[in-house]
Amino acid sequence: LADRLQNTIQKIRGKGKVTEDDVKAMMRDVRLALLEADVNFKVVKDFVKRVNERAIGQEVMKSLTPGQQVIKVVKEELTELMGGEQSKIAVSSRPPTVIMMVGLQGAGKTTTSGKLANLLRKKYNRKPMLVAADIYRPAAIKQLETLGKQLGMPVFSLGDQVSPVEIAKQAIAKAKEEHHDYVLIDTAGRLHVDENLMTELSDIKDLTKPDEIFLVVDAMTGQDAVNVAQSFNEQLGLTGVVLTKLDGDTRGGAALSIRSVTNTPIKFVGMGEKLDALEAFHPERMASRILGMGDVLTLIEKAQANVDEEKAKELEKKIRSASFTLDDFLEQLGQVRNMGPLDEILKMLPGANKIKGMDNISIDEKQIGHVEAIIRSMTKTEKEQPEIINASRRKRIAKGSGTSIQEVNRLLKQFEDMKKMMKQMTNMGSRGPKGKKKG
Ligand code: GDP
Ligand code: MG
């Protein structure tokens, strides 16, 4: 999706004068891109209509930078499509807050229950309890118990001979007794939406009066995810959706349609199998990402979670101003490493997918030790002005660091590419309408 939209956007971005025909041509591409990304047909139609109305209207044609304005309208409408504001997780005034996790088999309910418990504890300082209410799938209880053990968090279970409704009931009583402020009920799934499942889930709902019912859906299933969301919503009344496996090769269409089809906000996205791979869903950032402006905010948030705040601010400033030296690179290396795989981090930088040689930038984690040694073998001036590093200096550095000239060359090339990428990002940031930014 991003690729296609980006080409279209590149075409219109710099235009000083945009005609009605330009807008129409662009919207044809946008429409195709969205349909190709498996976005619901009706959603696309409404979306294109809204953008057209605004883009062909006064707002855009009269502005100094109409190309920019059209993109801004598209971005705003995309954001709106995904729910506008970021939505928050409920807190009950009478604890425990009860959250029911529902969804089809394999969507990621059990994993997400663990991730969410982890997030509630880490980010909100809560004391969650997990409840094993999937008594049908073999080893489902065991799976949750294993997650609980990994997290050091209690898992309530009564085995697979007691009904899920009874399990939920006793779990809540126990949570009150032990002062747990969140109860996360991991329910059973089926391969398809079926009546027995819905009856059981309704029964749990009636008894536990959950504060949240989160539907967990697999983003890779595209349009199917939207249909699943629709039927669960009709039968149970969802309060939120968690879109999992967004780290996979997903076209992202589900994210765009779910909100408008079900009127249920996406609250979290699953970005991997690990227990910390759950992130709050930010419609605006997702829209930026789709439009290829990169997800700077998520990147910075990641940095903040792993690096102390001051350092993160510094990193942000340096990335934004593209005044990043090899010394900074060295210093950040260790910290950046804590954020996750480097190539994944780099992909979040704006325009990253447009840059030739992006593949060269991905750094083999095993090579990091070498990279550190190479940078340490440079003089202060060399670190600040790598362009002075000529052949004989390269030879000296390779020798000093116990690496090879090829490795030194590779690092310098990577660093140069990275700086280029950062520069491109800065340009994008300042390409907005002249003068003050207007909401
Ligand atoms: P359930 O049947 O709905 O409880 O699904 P599970 O929680 O057992 O998850 C099914 C599979 O999906 C497991 O292998 C998980 O590791 C995997 N999974 C869940 N969430 C994510 C995610 O966000 N990204 C990736 N890559 N895998 C996920
Ligand atoms: Mg499960």
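Is D46 buried, exposed or partly exposed? D46 is partly exposed, with a relative accessible area of 34%. Here, buried means under 20% relative accessible area, exposed means over 50%, and partly exposed lies in between, using a 1.4 Å probe and protein chains only.

## About this model

This is a predicted model, in which local features need pLDDT of at least 70, side-chain atom pairs count only at pLDDT 80 or more, and totals for chains, interfaces and linings use all residues. Residues are numbered from 1 along each chain as its sequence is written, chains are lettered from A and ligands numbered from 1 in the order in which they are written, and side-chain values use heavy atoms, leaving out hydrogens and water.

## The chain as a whole

Let us start with the overall picture. The chain folds into 21 helices and eight strands. Helices (H or I, at least four residues) and strands (E, at least two) are DSSP runs, numbered from the N terminus. Of its 439 residues, 51% count as buried.

Contacts are heavy atoms within 4.5 Å. Among contacts in the chain between residues at least 6 apart in sequence, 75% join residues at least 24 apart. The chain exposes about 21700 Å², and carbon and sulfur atoms supply 49% of that area. Such areas come from the Shrake-Rupley method with a 1.4 Å probe, and for residues only the protein chains shown count as cover.

## Salt bridges

Side chains of opposite charge can pair when their charged atoms come close. A salt bridge is counted when a side-chain nitrogen of Lys or Arg lies within 4 Å of a carboxyl oxygen of Asp or Glu. By this rule there are 14 salt bridges. One of them brings us back to D46: K42 pairs with D46, and their closest N and O atoms are 3.3 Å apart. The two residues sit four apart in helix 3 (residues 41-56), so about one helical turn separates them. K42 is exposed, at 53% relative accessible area.

Helix 19 (residues 380-384) holds another pair, E384 and K380, again four residues apart and separated by about one helical turn. Their salt bridge has an N to O distance of 3.5 Å. E384 is partly exposed, with a relative accessible area of 43%, while K380 is exposed at 59%. Elsewhere, salt bridges that share partners join R50, R54, E76 and E77 into one network.

## Around ligand 1

A residue is near the ligand if one of its heavy atoms lies within 4 Å of it. Of the 18 residues around ligand 1, G106, K109, T110, T111 and R137 come nearest. Helix 6 (residues 109-124) gives the largest share of this shell, four residues. By class, the shell has three nonpolar, nine polar and six charged residues. In this grouping Ala, Val, Leu, Ile, Met, Phe, Trp, Tyr, Cys and Pro count as nonpolar, Asp, Glu, Lys and Arg as charged, and the others, Gly among them, as polar.

Several atoms of the protein approach oxygen atoms of ligand 1. A backbone N or O atom of G106 lies 2.7 Å from one. Polar side-chain atoms also take part, that of K115 at 3.2 Å and that of E273 at 2.8 Å. Taken alone, ligand 1 exposes 580 Å², and the protein buries 82% of that.

T110 lies in helix 6 and counts as buried, at 9% relative accessibility. A polar contact of 2.8 Å joins the side chains of T110 and D186. Such a contact is a pair of N or O atoms within 3.5 Å; within protein, one must be able to donate a hydrogen and the other to accept it, and residues adjacent in sequence count only if both atoms are side-chain atoms. Leaving aside residues up to four places away in sequence, T110 touches Q143, L144, L147 and D186.

S92 lies in the loop between helix 5 (66-81) and strand 1 (97-102), and is buried at 17% relative accessibility. Its side chain reaches the backbone oxygen of R94 at 2.9 Å. E331, in helix 15 (residues 326-339), is partly exposed at 38% relative accessibility.
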